[in-house]
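These entries record what I looked up in one structure. I began with charged pairs and then turned to a pocket and a single side chain.

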Amino acid sequence: MSKAKLVYILSLRNAPADQAGQQIAYKGGQRYMASPLEYLARALDETPLGDAYSLEGIVTDDDPHSPRDRAALRDYGFSCQPGQPWIFPHGLTTQGKLLAGLFHPVPSEYRRLPLDAADRPAGKRRFERTLLDKLLTLQADVVVLDGLLVILDELVRPGAPFHRKIVNIHPGITRAESPYVRRGACATLDALHGAQGRRIVDWATMESVAVAPLFKTGASLHYVDNGIDSGEVIHDALRTGIDPADTILELRWNNFNHSLFPALHEGLALLAGQRQPLTESIA
């Protein structure tokens, strides 16, 4: 049976906060911070996941003409360049293809406009149409979002060509009924505060209230809808213990390795359906 064609979409400007592809300080030593994309590339080569999927392209929405994006990516840049830090090792390949050669920029230029600008909605629609054209050109069967810092509208509505074909890997539990639910961009920090017995009620002012501490967090692979991490959950993993003394990067490393990578791997295996059993995960 033919492999499903997979396209990966991310915002590179997320990477510097995680120090993706670099050594980070960890409990008095150092550990390597693999990005989810690097994990997936290796899994496609080293596990049966590669029998079900072929990685066809990597789409980024960062805008080289945006001062904010340039500032966020001043160390990494907008593409893999010799001698420059990057989100995975230079020369990394997957399924016989150079990973750095699979990138396709689709800048979300509308973000340069003020939030209340009259032509911002039209700019957002143009961005999504361009993104749709790219996905169609790449013949995507499954689209994985990883830290995409825009909310999709037209692409994920019922009846759209990619409705229920776009999934998101999120570093937190997204089930609303779970006591461990952590949605949104600050999911890891939210979990760390939770282990310290606080819940942030206003992220602008960091106002908090006391709560019973929770010492675990996890990750979710879910379908993308028009909300923020509100789509139907495909698979999640609640496997990350939290030490209240963790730094944000220490917790981030733990959650990636104990929950997010397994949730991505096992969730994609579930999506593969009856193609073949896919239960192996790389260590």
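I took buried to mean under 20% relative accessible area, exposed to mean over 50%, and partly exposed to mean in between. The model I consulted is predicted.

Entry 1, salt bridges. I found a count of 16 salt bridges. I looked up aspartate 62, which pairs with arginine 13, the closest N and O atoms being 2.8 Å apart. Aspartate 62 sits in the loop between β4 and α4, and arginine 13 in the loop between β1 and α1, 49 residues apart. Aspartate 62 counts as buried because its relative accessibility is 3%. Arginine 13 is also buried, at 12%.

I noted a salt bridge between aspartate 246 and lysine 27, with 2.6 Å between the closest N and O atoms. The two residues are 219 residues apart. Aspartate 246 is buried at 7%, whereas lysine 27 is partly exposed at 43%.

I recorded about 920 Å³ of space and a lining of 41 residues. Asn14, Gly147, Leu148, Leu149 and Ala185 lie nearest the centre of the pocket. By class, I listed 24 nonpolar, eleven polar and six charged residues in the lining. Helix α7 gives the most to this lining, with five residues.

I located serine 35 in the loop between β3 and α2. Serine 35 is buried, since its relative accessibility is 5%. A polar atom of its side chain lies 3.1 Å from the backbone oxygen of isoleucine 87. I listed Ala20 and Phe261 among the residues that serine 35 touches.

Methods: Residues are numbered from 1 along each chain as its sequence is written. This is a predicted model: local features need pLDDT of at least 70, side-chain atom pairs count only at pLDDT 80 or more; totals for chains, interfaces and linings use all residues. Side-chain values use heavy atoms; hydrogens and water are left out. On a 1 Å grid over the protein atoms alone, a cavity is a set of points where a 1.4 Å probe fits but cannot get out, and a pocket is an open set with protein on both sides within 12 Å along at least five of seven lines; lining residues have an atom within 4 Å of a point. Grid points are joined across faces, edges and corners, and a volume is the space filled by probe spheres set on the points. Helices (H or I, at least four residues) and strands (E, at least two) are DSSP runs, numbered from the N terminus. Ala, Val, Leu, Ile, Met, Phe, Trp, Tyr, Cys and Pro count as nonpolar, Asp, Glu, Lys and Arg as charged, and the others, Gly among them, as polar. Buried means under 20% relative accessible area, exposed over 50%, partly exposed in between (1.4 Å probe, protein chains only). A polar contact is a pair of N or O atoms within 3.5 Å; within protein, one must be able to donate a hydrogen and the other to accept it, and residues adjacent in sequence count only if both atoms are side-chain atoms. Contact means heavy atoms within 4.5 Å. A salt bridge is a side-chain nitrogen of Lys or Arg within 4 Å of a carboxyl oxygen of Asp or Glu. Lists of a residue's contacts leave out its neighbours within four places in sequence.
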